[in-house]
Amino acid sequence: SNDKMLAFLTGVFLGTGTISVPQETAEKRRYGYHFEIDVVSKDQANLIAEIFSNFDIFPKIVERNEMYVIYLKNSDTICDALGLFGASKTILDLMNQRVSRDMNNVTNRQINCINANIDKTVNASLKQMKAIEIIQNTIGLENLPDSLNEAALLRLSNPEASLKDLTSIMETKISKGALAQRFDKIIKLAEELGENDGK
């Protein structure tokens with residue numbers, strides 16, 4: 001299934017994937033990005049490339065130092081690949097480490113291409129998680145209305161999921177908009193609690 005293939009790709013990327021970001025002029029920057037996954041056998045490389053192709057992403061494979069490298073060069077395609085992984089916080093952390101380690105003085109502007117595709121999901125999720133944490137540490141999630149409690153628990157157990165993904169696993173079927181409203185209420189409540197807490 002697509003879910004299993006995605007889980008496999010995400011695991012492989014977290015295990016052996018790297019991303020580097022160029023320090024070049026804006027015109028060249030589109031092609032200076034580099035995304036790669038290194039594996040030990042040609043069969044593994046072909047399998048990974050084949051799974052990517054199911055999602056309309058077509059990486060190239062090259063042999064290097066007795067390893068097989070599956071790589072993408074075009075920033076838009078790299079955005080698509082990262083979008084596939086659900087923009088997990090782990091991947092963002094990994095990217096940030098890679099960027100700060102490989103590149104001195106990389107500006108936010110330079111990594112906008114990658115962020116554009118995934119910022120919204122990640123930032124929304126991080127903001128929701130932070131709000132849920134505040135509520136947990138103050139009044140406790142069990143004291144939320146049922147609908148908000150359900151949304152909070154759902155987010156805690158699926159930190160990387162998009163709103164669309166979350167609505168598909170909810171027992172009560174609601175729209176993305178309705179779920180977004182629940183999270184907005186959670187964030188507003190957390191802000192009030194945070195202020196009362198002297199933060």
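User: Why is Gln 128 called buried?

Analyst: This is a predicted model, in which local features need pLDDT of at least 70, side-chain atom pairs count only at pLDDT 80 or more, and totals for chains, interfaces and linings use all residues. Residues are numbered from 1 along each chain as its sequence is written, and side-chain values use heavy atoms, with hydrogens and water left out. Buried means under 20% relative accessible area, exposed means over 50%, and partly exposed is in between (1.4 Å probe, protein chains only). Gln 128 has a relative accessible area of 6%, so it is buried.

User: Where is Gln 128 found, and what does it touch?

Analyst: Gln 128 is found in helix 6 (residues 112-137). Helices (H or I, at least four residues) and strands (E, at least two) are DSSP runs, numbered from the N terminus. Not counting residues up to four places away in sequence, Gln 128 touches Arg 155, Phe 183 and Ile 187; contact here means heavy atoms within 4.5 Å.

User: What makes Ala 178 partly exposed?

Analyst: Ala 178 has a relative accessible area of 26%, so it counts as partly exposed. Ala 178 is found in helix 9 (residues 176-196).

User: How do you know that Glu 36 is buried?

Analyst: The relative accessible area of Glu 36 is 7%, so the word buried applies. Glu 36 lies in strand 2.

User: Which side chains make polar contacts with that of Glu 36?

Analyst: A polar contact is a pair of N or O atoms within 3.5 Å; within protein, one must be able to donate a hydrogen and the other to accept it, and residues adjacent in sequence count only if both atoms are side-chain atoms. The side chain of Glu 36 makes one with the side chain of His 34, at 2.7 Å. Another, of 3.1 Å, joins the side chains of Glu 36 and Arg 64.

User: What makes strand 1 and strand 2 a pair?

Analyst: Two strands pair if DSSP finds at least two bridges between them. Here 4 bridges join strand 1 to strand 2, and the strands run antiparallel. One example is Gly 17, whose bridge partner in strand 2 is Ile 37.

User: How do you know that the buried residues of helix 4 line one face?

Analyst: The buried residues of helix 4 (residues 75-84) are Ser 75, Ile 78, Cys 79, Ala 81 and Leu 82. Seen down the helix axis, they fall within an arc of 165°, so they line one face of helix 4. The arc is that of the directions from the helix axis to the C-beta atoms.

User: What is called a nonpolar core, and how many residues has the largest?

Analyst: A nonpolar core is a set of buried Ala, Val, Leu, Ile, Met, Phe, Trp, Tyr and Cys residues joined through side-chain atoms within 4.5 Å. The largest has 21 residues, and Phe 35, Ile 37, Ile 48 and Phe 52 have the most contacts inside it. Helix 3 gives the most to this core, with 4 residues.

User: Where is confidence lowest, and where is it highest?

Analyst: pLDDT is the predictor's confidence in each residue, from 0 to 100. Confidence is lowest in helix 2 (residues 26-29), at a mean of 48, and highest in strand 3 (residues 60-64), at 94. Where pLDDT is low, the predicted coordinates should not be read in detail.
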